[in-house]
Amino acid sequence: MSFRSFASKTLILIFCASSALASKNKEMVIGVADYQAKEKGIVDIYSDFIEKVLGNHAYKAKFIQAPFKRILFEMNSGVIDGNALRSRAIENEAKNIVRVPESLFFFSLFKMSKSKIDRKESNKGKHVAVVLGDKAATAEAHAAQLADARDIEHLVKLIDNDRVDFGIVSASNVQNLIALSKNLHIEKVGKPRHLYMYLNEKHRHLAIPLAKTMKKLKAEGVLRKIFEKHGFGDVYDLTASP
């Protein structure tokens with residue numbers, strides 16, 4: 001073997017080894033909205049699951065917490081790579097994002113009030129609290145005068161202090177909502193909806209592969225085990241079953 005041939009093969013091996021090492025260290029920055037982080041267990045569950053999903057594609061997940069509007073802006077502009085637990089409503093606000101087409105969770109909308117709730121009552125003229133960034137709740141509160149709450153705890157305080165007529169909030173498990181809302185009346189509004197993972201447009205090529213991995217891991221019981229690990233096994237079938 002000539003020196004030139006040996007050197008060429010050595011450089012190829014070094015390049016391949018470097019590429020393999022780099023692929024193991026690829027980082028995907030995923031945003032977590034402040035108000036989502038207040039929901040006990042939910043962020044921990046999906047963070048664990050997203051880590052496993054990305055790990056199957058040689059990515060390491062890094063989660064950052066920030067206000068929803070900042071998360072959406074930075075994902076849309078490519079500063080961060082993605083955001084999970086989002087409804088399709090955000091597609092109307094950001095054009096440089098792509099949905100991973102496999103549902104992570106279901107969520108429901110709930111109306112909360114100090115008085116008994118009348119499902120047929122119109123929102124028109126009412127003062128309604130919604131958590132800032134909760135697009136599904138905001139859409140449900142159409143025709144109302146909105147009051148932005150920082151998180152669910154703040155929303156409950158607005159209701160308790162008679163600052164609003166009622167609140168509308170999306171939540172993945174009603175047990176957590178009841179614990180936070182003390183003695184308020186709670187009524188489910190509409191049908192359960194899906195939450196997805198979204199990526200910046202530059203990762204469009206990953207959307208289908210990640211969706212397939214999510215579906216595979218769910219079928220293998222991985223997500224159910226994560227629910228059980230965090231003490232939510234009893235609500236898995238209500239929030240995340242395929």
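Mentor: Let us begin with a term: strands are DSSP runs of E with at least two residues, numbered from the N terminus. The model before us is predicted. Gly-167 lies in strand β7, which covers residues 166-171.

Trainee: Is Gly-167 buried or exposed?

Mentor: Buried means under 20% relative accessible area. Gly-167 counts as buried because its relative accessibility is 0%.

Trainee: Which residues does Gly-167 touch, leaving out those up to four places away in sequence?

Mentor: Gly-167 touches Phe-110, Lys-111, Met-112, Val-128, Ala-129, Leu-155 and Ile-159. For Phe-110, the separation from Gly-167 is 57 residues in sequence and 8.1 Å in space, taken C-alpha to C-alpha. Another of these residues, Lys-111, lies over the face of Phe-166, 4.6 Å from the ring centre. Elsewhere, Arg-99 is placed over the face of Tyr-196, at 4.8 Å from the ring centre.

Trainee: How should I read a pair of aromatic rings?

Mentor: A pair of aromatic rings is described by the distance of the centres and the angle of the planes. This structure holds two such pairs. Tyr-46 and Phe-63 form an edge-to-face pair, with 6.2 Å from centre to centre and 85 degrees between the planes. The pair links distant parts of the chain, since Tyr-46 belongs to helix α3 and Phe-63 to strand β2 (residues 59-66), 17 residues apart. Tyr-46 is buried, at a relative accessible area of 1%, whereas Phe-63 is partly exposed at 24%.

Trainee: What are the centre distance and plane angle of Phe-105 and Phe-227?

Mentor: The ring centres of Phe-105 and Phe-227 are 5.5 Å apart and the planes stand at 55 degrees, so the pair is tilted. This pair also joins distant parts of the chain: Phe-105 is in strand β4 (residues 97-113) and Phe-227 in helix α9, 122 residues apart. Phe-105 is buried, with a relative accessible area of 2%, and Phe-227 is buried at 1% relative accessibility.

Trainee: At what angle do helices α3 and α9 pack?

Mentor: Helix α3 (residues 42-55) and helix α9 (residues 222-229) pack at about 145 degrees, and their axes are 9 Å apart. The crossing of α3 past α9 is right-handed. On the α3 side the contact is made by Ile-45, Asp-48, Phe-49 and Lys-52; on the α9 side, by Val-222, Leu-223, Ile-226, Phe-227 and Lys-229. Classified by type, this contact comprises six nonpolar, no polar and three charged residues.

Trainee: How does the spacing of residues along a helix help me to read it?

Mentor: An α-helix has 3.6 residues a turn, so residues three or four places apart point the same way. In helix α4 (residues 68-77), the buried residues are Phe-68, Ile-71, Leu-72, Glu-74 and Met-75. Just after α4, Gly-78 adopts a positive phi of about 90 degrees.

Trainee: Which element holds Leu-85, and what is its phi?

Mentor: Leu-85 lies in strand β3 (residues 82-86). Its phi is near 60 degrees, a positive value in a residue other than glycine. Leu-85 counts as buried because its relative accessibility is 4%. Ala-58, also not a glycine, has a positive phi of about 65 degrees. Ala-58 is located in the loop between α3 and β2 and is partly exposed, at 29% relative accessibility.

Terms used. Residues are numbered from 1 along each chain as its sequence is written. This is a predicted model: local features need pLDDT of at least 70, side-chain atom pairs count only at pLDDT 80 or more; totals for chains, interfaces and linings use all residues. Side-chain values use heavy atoms; hydrogens and water are left out. Axes are lines fitted to C-alpha atoms, for helices over the stretch in contact, and angles run from 0 to 180 degrees between N-to-C directions. Helices (H or I, at least four residues) and strands (E, at least two) are DSSP runs, numbered from the N terminus. A crossing is left-handed if the near helix is turned anticlockwise from the far one by less than a right angle, and right-handed if clockwise. Contact means heavy atoms within 4.5 Å. Ala, Val, Leu, Ile, Met, Phe, Trp, Tyr, Cys and Pro count as nonpolar, Asp, Glu, Lys and Arg as charged, and the others, Gly among them, as polar. Rings of Phe, Tyr and Trp (its six-membered ring) pair if their centres lie within 6.5 Å; planes under 30 degrees apart count as stacked, over 60 as edge-to-face and the rest as tilted. Buried means under 20% relative accessible area, exposed over 50%, partly exposed in between (1.4 Å probe, protein chains only). A charge sits over a ring if NZ of Lys or CZ of Arg is within 6 Å of the ring centre and within 35 degrees of the ring normal.
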